[in-house]
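Hi everyone, thanks for coming. Let me put the structure up, and then I'll walk you through a few places in it.

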Amino acid sequence: MNRDLEIARSVTPRPIVDVAADLGLKPSELMAFGDAKAKVRISAYAARRSQPNGKYIDVTAITPTPLGEGKTTTTLGLVEGLGARGTRAVACIRQPSQGPTFGIKGGAAGGGRAQVVPMEDLNLHLTGDFHAVTASHNLIAAALDARVMHERDFTDAGWEARGLKKLRIDSNRLVWRRVLDTCDRALRHTVIGLGGKGNGVPRESGFEITAASEIMACLALADDLADLRRRLGRMLVAFDASGRPVTAEDLGVAGAATALMKDAVHPTLLQTLEGQGVFVHAGPFANIAHGNSSVIADRIALKLADVVVTESGFGADIGMEKFCDIKCRASGLEPDAMVLVATVRALKMHGGGPRVTPGKPLPEPYTHENLGLLEAGLPNLLRHMEIVGTFGVPFVVAVNRFPEDSPRELEVLRRAAEMGGATAVVADHWARGGEGALDLADAVLEVASRPKSFRFLYPLEAPLRAKIEIIAREIYGASGVAFAAGALHDIERCERLGFGSLPVCMAKTHLSLSHDPDAKGAPSGFTLPVREVRVSAGAGFVYPLCGDMQTMPGLPVRPVFMDIDVDDEGEVVGIS
């Protein structure tokens with residue numbers, strides 16, 4: 001059995017009603033899904049609106065290897081460490097996508113002694129939110145294609161006889177694709193509507209992974225069900241013959257799409273291995289979306305706990321920047337502190353170490369002491385420290401210890417962070433749970449009590465092009481941006497249609513500070529290519545595509561699903 005799964009199953013989870021009761025939640029505020037998981041009704045926030053918020057902590061990271069550097073593990077370990085110090089702490093994390101769970105990376109329940117349980121539930125269906133997003137999204141896609149077909153076949157009088165107005169949709173300017181929560185590269189580009197007139201209008205289309213759905217982004221940023229309904233209604237699905245936007249509301253499908261989401265709007269409550277509460281809600285990717293769990297979950301948690309620890313996807317250049325500039329704008333919340341996760345392994349890679357490939361053993365430089373590689377990779381750490389500092393919030397560098405790290409390597413990393421001006425501690429929560437994160441918990445509590453001067457990176461009123469250039473220069477280290485002709489046209493159209501004042505959600509690789517996944521360390525002086533700019537009118541952001549970004553991942557030669565099975569007792573095995 002996988003070691004993480006073995007550890008998770010060695011602990012009997014507390015009844016979820018007891019975890020909820022410790023947080024002050026009433027049984028009537030829960031929607032139970034068995035003994036170990038429950039949804040928390042969104043009304044729990046309204047009932048506590050006047051109560052003060054706890055401290056708000058965001059966990060981010062340096063540029064990771066393809067294996068990840070333990071950001072979720074650190075988030076959960078910190079909550080366990082805070083609990084061991086007698087602080088009521090709650091984690092707020094995203095729900096894992098089945099794409100990486102079955103594909104290249106595995107699950108996202110943390111690891112070792114710092115996990116969410118039941119971990120197999122978290123990594124599989126949980127309480128059905130991903131299915132709801134998929135169904136809602138694809139209902140809109142079906143409505144759009146049906147409308148296009150019927151507009152071809154019915155006259156204006158025919159529409160009026162049905163009490164409807166012809167939308168005059170341009171069948172060459174449909175922007176709403178379908179989604180699936182599976183990595184499937186064969187569906188990136190498809191042709192639909194084949195087989196004759198009764199099967200629709202033939203056209204090119206494709207699929208994105210469910211985590212990239214705009215509905216997922218709307219769920220993560222919505223205030224409540226009514227706000228989600230408004231967001232879904234204004235989602236852009238096509239353009240008409242005059243170039244005007246056609247929305248889900250125009251199709252008459254926004255209400256039904258929201259009905260499919262009525263339970264998904266409530267966050268799910270699970271627990272750490274040591275019994276602290278963990279809110280799991282929404283799952284947008286950070287490289288192709290905004291990469292943060294829901295505003296709803298954070299708001300509820302902040303009324304229930306002394307400290308709320310959330311995490312933003314991938315590195316500070318992606319998820320944390322979007323946490324600040326998109327999520328915090330939407331929620332009105334400000335972080336009290338950040339935690340920047342760094343590992344010896346990742347810095348060795350940035351120092352010129354060999355390629356790290358999921359599913360293959362780590363090369364020798366990563367399993368034995370190599371101070372030269374580590375020191376050569378330190379510019380990546382220092383650059384991420386600068387990025388975090390840009391937002392005016394105090395932070396801690398958490399050196400996430402791996403079993404193969406030598407004491408000298410850990411000390412070199414810790415001292416480099418301190419010399420860069422940060423509080424830095426080595427954390428061993430993977431091996432020792434909360435006990436291994438006591439120093440980290442102490443450091444975070446101290447840093448979170450310091451004065452802060454939180455600020456956004458750019459003003460919303462700045463032109464879209466300027467906002468993109470600010471992110472490219474100040475966060476990625478680029479010398480400039482090369483806009484493709486199509487991207488400039490997209491920007492002009494966005495501003496003409498009234499979307500120019502939206503925040504920017506950059507879509508780029510998570511494996512480098514630049515757009516090039518092979519550019520390690522702290523690249524500078526490069527030109528960032530922007531090939532296309534799209535708008536998520538419902539979520540409320542514009543997203544430029546930088547370089548070759550895929551919104552539907554593919555499966556590797558040896559996917560993780562090859563290890564997953566069900567034993568004779570009906571228990572899932574092999575999940576990680």
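When I say polar contact, I mean a pair of N or O atoms within 3.5 Å; within protein, one must be able to donate a hydrogen and the other to accept it, and residues adjacent in sequence count only if both atoms are side-chain atoms. This is a predicted model, so local features need pLDDT of at least 70, side-chain atom pairs count only at pLDDT 80 or more, and totals for chains, interfaces and linings use all residues. Residues are numbered from 1 along each chain as its sequence is written, and side-chain values use heavy atoms, with hydrogens and water left out.

Let's start with Asp325, in helix H14 (residues 316-331); helices here are DSSP runs of H or I, at least four residues, and strands are runs of E, at least two, numbered from the N terminus. Is Asp325 buried or exposed? Asp325 is buried, at 0% relative accessible area, where buried means under 20%, exposed over 50% and partly exposed in between, with a 1.4 Å probe and protein chains only. Its side chain reaches the backbone nitrogen of Leu457 at 2.9 Å.

Now the largest nonpolar core, with 137 residues: a set of buried Ala, Val, Leu, Ile, Met, Phe, Trp, Tyr and Cys residues joined through side-chain atoms within 4.5 Å. Phe279, Leu381 and Val397 have the most contacts inside it. Helix H7 (residues 129-153) gives the most to this core, eight residues.

Finally, strands S18 (residues 395-400) and S19 (residues 423-427) pair in the parallel sense over five bridges; pairing takes at least two DSSP bridges. Val397 has Ala424 as its bridge partner in S19.
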